[in-house]
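Subject: Structure handover

Hello,

Here is the structure you are taking over. My notes on it follow below.

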Amino acid sequence: AIGTAAAIALATPLVINRGFASLEVGATPTPGPGRGPGPGGQGGAGPARIEEIRESMILTIVLVAGAAAVVASLGGLWAAGRLTRPIRRLETAAAAVAGGDLARRSGLAGRSDELGDLGRSFDGMAAALERGEEERRRFMQDAVHELRTPLAVIEATTSAVLDGVYPHDDEHLGTVRDQARLLSRIVDDLRTISLAEGGRLELRREKVGIDEIIAGVVRDFEARAAEAGVALDVEGPLDATRVLVDPDRVRQALAAVLDNAVRHTPAGGRVVVAAREAADRRVRVEVRDTGPGIAPEDLPHVFDRLYQADPARDRRTGSSGLGLAIVRALLEAHAGRDGAGSAPQAAAQGWLDIPRP
């Protein structure tokens, strides 16, 4: 439409000028007998000539408008094809992703225009969905494996007792009970992680001193650490520092980190719980141990669900493999942070950054 209007606007003055030129030629006196002004001469263009010129002008403008409309339409179809082709490609990729083909990409990432930006955003979304699906699939496989182990022990023990291979004594009943408790703990841990990650975990926040939380958790682990021959110490209590948290959930998170440290510290080793002020109005609680440490390739994954830095670890210790994943979920529910690393004075360390009110 714009092209057609522009063509008419440019052509109309030319057509009008041509028409006036024709009128001026028709109105010019021609000397000679019977041709000059006066009787029998043509001193100007007559009505017929004027009508002829008007029709010629109209026809010219109509032809110009028609040609411009055809050219503009062809150009518009070409431009629309160029515009809709990548959109159709993106639509096809979106339909493929919706159908489960999460590896499909738009193919528009190389463009430098707005469609390229849209394609890169779509590809990023598809990649995130693909990673999430892979993590979900891996988690389901790991969860099935974790649940299968205690179930297999329960089935084998009860079958052996019923078949007379094992006697009906408290020892084998205790084995069944311990594995049932481990199953219950795995289910509870999975539920806690699911609620926390979905933002549905109920938190009973209150202002409490961070030293109270640390002292309570350390007191609970003193007997276990002494039995394992591990020294358990506290450094730098923050007596005046208070945090607005759910105390039970923070104790649960700190207990999971401390439990991991005590289990991996050999006899004669040392575990230290330290608290200090951190940036962004947070309190950092560190748990350092002198155990074998954490391999650099395992550090980014120690808080992942069911991640096994040591594939040979024994589940009979009562660990569900979800403790550190719960730590991350609980801290994120409190808008906190977690981390793990290695230090020169300690083989491994984990920390919790808890926001202050």
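Asp233, Glu235, Arg270, Glu286 and Arg288 are joined in a network of salt bridges, a salt bridge being a side-chain nitrogen of Lys or Arg within 4 Å of a carboxyl oxygen of Asp or Glu. Before the rest, some ground rules. This is a predicted model, in which local features need pLDDT of at least 70 and side-chain atom pairs count only at pLDDT 80 or more, while totals for chains, interfaces and linings use all residues. Residues are numbered from 1 along each chain as its sequence is written, and side-chain values use heavy atoms, with hydrogens and water left out.

Salt bridges

The count by this rule is 16 salt bridges. Helices (H or I, at least four residues) and strands (E, at least two) are DSSP runs, numbered from the N terminus. Glu235 is partly exposed, at 32% relative accessible area. On this scale buried means under 20% relative accessible area, exposed over 50%, and partly exposed in between (1.4 Å probe, protein chains only).

Arg177 and Asp178 also form a salt bridge through their side chains, at 3.6 Å from N to O. Arg177 is partly exposed at 45%, and Asp178 is partly exposed at 40%. A further bridge joins Arg204 to Glu202, where the closest N and O atoms are 3.8 Å apart; Arg204 and Glu202 are both exposed.

Among the buried residues of H6 are Val250, Leu254, Leu258 and Val262.

Asp246 sits in the loop between strand S3 (242-245) and H6, and is buried at 5% relative accessibility. Asp246 caps the N-terminal end of H6, with a side-chain oxygen 3.2 Å from the backbone nitrogen of Asp248. This is a polar contact, meaning a pair of N or O atoms within 3.5 Å; within protein, one must be able to donate a hydrogen and the other to accept it, and residues adjacent in sequence count only if both atoms are side-chain atoms. Leaving out residues up to four places away in sequence, Asp246 touches Glu202, Leu203, Arg204, Arg205 and His334, where contact means heavy atoms within 4.5 Å. Asp246 and Leu203 are 43 residues apart in sequence, yet 5.6 Å apart from C-alpha to C-alpha.

H5 against H6

The axes of helix H5 (residues 210-227) and H6 come within 10 Å and cross at roughly 35°. Axes are lines fitted to C-alpha atoms, for helices over the stretch in contact, and angles run from 0 to 180 degrees between N-to-C directions. Residues that meet across this pair include Ile213, Val217 and Phe221 in H5, and Val250, Leu254 and Leu258 in H6.

Thr157

Thr157 belongs to helix H3 (residues 114-162) and is buried, with a relative accessible area of 8%. The side chain of Thr157 reaches the backbone oxygen of Val153 at 2.8 Å. Not counting residues up to four places away in sequence, Thr157 touches Tyr166, His172, Thr175 and Val176.

Regards
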